[in-house]
Each structure stands twice: as structure tokens, then as C-alpha cells.
Amino acid sequence: MIAFPALRTLLIAAMASGLSFGATRAADDFDLGPQQPGRLHAAKNDAAIAAIPKGFKFVTPGKFTIAVSPGGPPLSTYATDAKTVVGADPDYAYAIADSLGLTLEILPVAWIDWPLGLASGKYDAVISNVGVTEQRKEKFDFSTYRQGLHGIFVKSDSPVTSIKQPKDAAGLRIIVGAGTNQERILVRWSDEDVAAGLKPIELQYYDDEAASLLALQSGRADVIVQPHAQLVFIAARDKNIKRVGTLSAGWPDRSDVAIATRKGSGLADALTVATNGLIKNGTYGKILDHWHLSEEALPASETNPPGLPKY
């Protein structure tokens, strides 16, 4: 379903009555100020430092220089000063830099630019919600640090309480982004439902987030599925949607998010050791909990695990 022009009028009215769709008003649960007094720090990890290859040269001596694409809270966004990058990914990057005994330097980049910048040596790593894929592994090394999850959310008073498998979604009207991985998965879910004699899933498509949320609240859709972290923030901000499930980006397999480094640089193993150290001492879990992303925690970090296949 495509949003109709009249939806704009409805949207303006809804916003005037108190619905908030923009990220300009941060949820009370999230601190998007530039100072970040709640940021966690980590001790040096001697094992991780020892795992850095002999002769490896960081872009700037004494610094861990990373690229981040500020795509939106809670993963990474510009703070209220419109210049400082804050969020779960920057906080994790600070903890990794601490573990390596280095100072963190963050370079904001456009998402489309990170592969070329990394390959050309403009930064040491990319920590920006990059999913591991077999195609990307041909050019980069990866150290995993989160599960790649899609969130399954409904409005707060919805009778839908749990969606864990295809049959739970049979017959529901689900908002999804066109051409996305979650659309691909939900098409497969719908096919499974039909093969089992159940109703198909009705997929709906809208122009933007505001239109999608309005459709959900107005009852024209039952469910919204999009990246989990985005919906976590929206739920905290608007207080009118709730999670009823999560969906692996690699369904039916797990799909992980990872630090990307230059292929063959040798840095990936050191970053994996550093992440596992943060997992073991509890810092990792506290960072994810601080940004309401505990559901995305990994039991352990891996270097170059199986990634999403080429479709």
C-alpha cells in the first residue's frame, strides 16, 4: 500500500494533537546531549593489545580512528549540539579504544562512503551497524559485536501479543520497507503460511516513518517491522507502540553486526579479543542496556563468521 496524498493532511492534524514522529524530541529514556556523563569506560586489555599485529600502523599514532554514519538513535546520531556523534555504536567504540590503550577519534561519514574510505586507509575501522555478508567478507574483515535484529512492534493496545514464527503473522497487515531484507523474509513467511493453509500476510508500504506510524495508530495496519533499534527508540519516544517479537536479519539463521576492518590487516583478531573482554567483564552488557538494546547482545564475539549469502 502506498500512502495517499490525503495522508499528509491527516499527519499534520495528528502531529498537532500531540503525536511526535521526528527525532528532534528525544525520549526521556535516552540522553542525546554531547557530554554523555553516563558513558562507560573500560580498562586496558593486555591480551587485546598483544593481539595487535607487530608493525600495524594506526591511521594516527596513539588513536583508534573509526568511521560512523550517524543514521539515527539509539545506534548513532548527532547530539543536541548538532556536531557530536553519540549512541550505542560510539559508546562501544570508546570501550574498544580504552581496551586497546588508545584514544578514540570518530569520523562521521555518509553510509555509502565507508567501504572506499576503509579500503583506502582513511580510518582504522568502521563501527556503524555494518552487517556481516559473504560479499563484504571478500573485501573486509569483521569482528562481531551485536545481533542484527528486526523489531516486530504493534500499537500499545493491540490484541497481538507475540509474533515468533510465520503462523503468528498469518492474515496480519504488516508495514515493511520495500526492497528491504525484512520484506524478503516476510514474503517467505507468507508463502509458508499459504502452504500450511493459513491466510497470507498483507504487506503494506508507506513513503516514510511518519506515514507508517500513523497507519499503525489509525488501525489501517496491525504490525510494523523495521530495524529493531529504530523501533526501540520510537517506542520510548512516543509511548504508543510495543515490541511483540524480534526477527533475525538472517532468518532462519542468526545475522551479526560487526566492526569492519581492512582485509588482511590483522586488526580484526585484536578487536575480537577486546570485545570478548568487554563481554566477560560486563561493560558490553551495560552499554547495550544503557541504550535499551540488550536483546541484541551476543554471547561471544567472532572473527569473520558466516555472513548473509548473496541473494
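Strand E1 (residues 63–68) and strand E5 (residues 125–131) run parallel and are joined by two bridges. This is a predicted model, in which E1 and E5 belong to an open sheet of five strands, while another open sheet of five strands contains E7 and E10. The points below take up each sheet with its helices, then a helix pair and the aromatic pairs.

**The sheet with E1 and E5**

- The strand order in this open sheet is E4-E1-E5-E12-E6, and the pairing is mixed.
- Strand E4 (103–108) and strand E6 (140–147) each have a single partner strand and stand at the edges, so one side of each is left without a neighbour in the sheet.
- From one strand to the next, the twist averages 30°.
- Helix H10 (residues 267–281) lies across E1, E6 and strand E12 (256–262), and its direction runs at about 15° to E6.

- Strand E9 (202–204) and strand E11 (241–248) are the edge strands, each of them pairing on one side only.
- With direction ignored, neighbouring strands of this sheet are turned by 30° against each other on average.
- Four bridges pair strand E7 (residues 149–155) with strand E10 (residues 223–227) in the antiparallel sense, and the bridge partner of Ile152 in E10 is Val225.
- Helix H8 (residues 209–218) lies across E7, strand E8 (173–175), E10 and E11, running at about 150° to E10.
- Helix H9 also packs on the sheet, where H9 touches E7, E10 and E11 and makes about 120° with the direction of E10.

**Packing of H3 against H11**

- Helix H3 (residues 88–99) packs with helix H11 (residues 283–290) at an angle of about 160°, their axes lying 9 Å apart, which makes H3 roughly antiparallel to H11.
- The crossing of H3 and H11 is right-handed.
- On the H3 side the contact involves Ala88, Asp91, Tyr92 and Ala95, which meet Thr283, Ile287 and His290 in H11; by class, four of these residues are nonpolar, two are polar and one is charged.

**Aromatic pairs**

- The count comes to seven aromatic pairs, and one of them is the tilted pair of Phe30 and Phe233, with 5.2 Å centre to centre and 50° between the planes.
- This pair links distant parts of the chain, 203 residues apart, since Phe30 sits in the loop between helix H1 (6–16) and helix H2 (46–50) and Phe233 in helix H9 (residues 228–238).

Technical notes:
Residues are numbered from 1 along each chain as its sequence is written. This is a predicted model: local features need pLDDT of at least 70, side-chain atom pairs count only at pLDDT 80 or more; totals for chains, interfaces and linings use all residues. Side-chain values use heavy atoms; hydrogens and water are left out. Axes are lines fitted to C-alpha atoms, for helices over the stretch in contact, and angles run from 0 to 180 degrees between N-to-C directions. Angles under 35 degrees count as roughly parallel, over 145 as roughly antiparallel, 65 to 115 as roughly perpendicular and the rest as oblique. A crossing is left-handed if the near helix is turned anticlockwise from the far one by less than a right angle, and right-handed if clockwise. Contact means heavy atoms within 4.5 Å. Ala, Val, Leu, Ile, Met, Phe, Trp, Tyr, Cys and Pro count as nonpolar, Asp, Glu, Lys and Arg as charged, and the others, Gly among them, as polar. Two strands pair if DSSP finds at least two bridges between them. Rings of Phe, Tyr and Trp (its six-membered ring) pair if their centres lie within 6.5 Å; planes under 30 degrees apart count as stacked, over 60 as edge-to-face and the rest as tilted.
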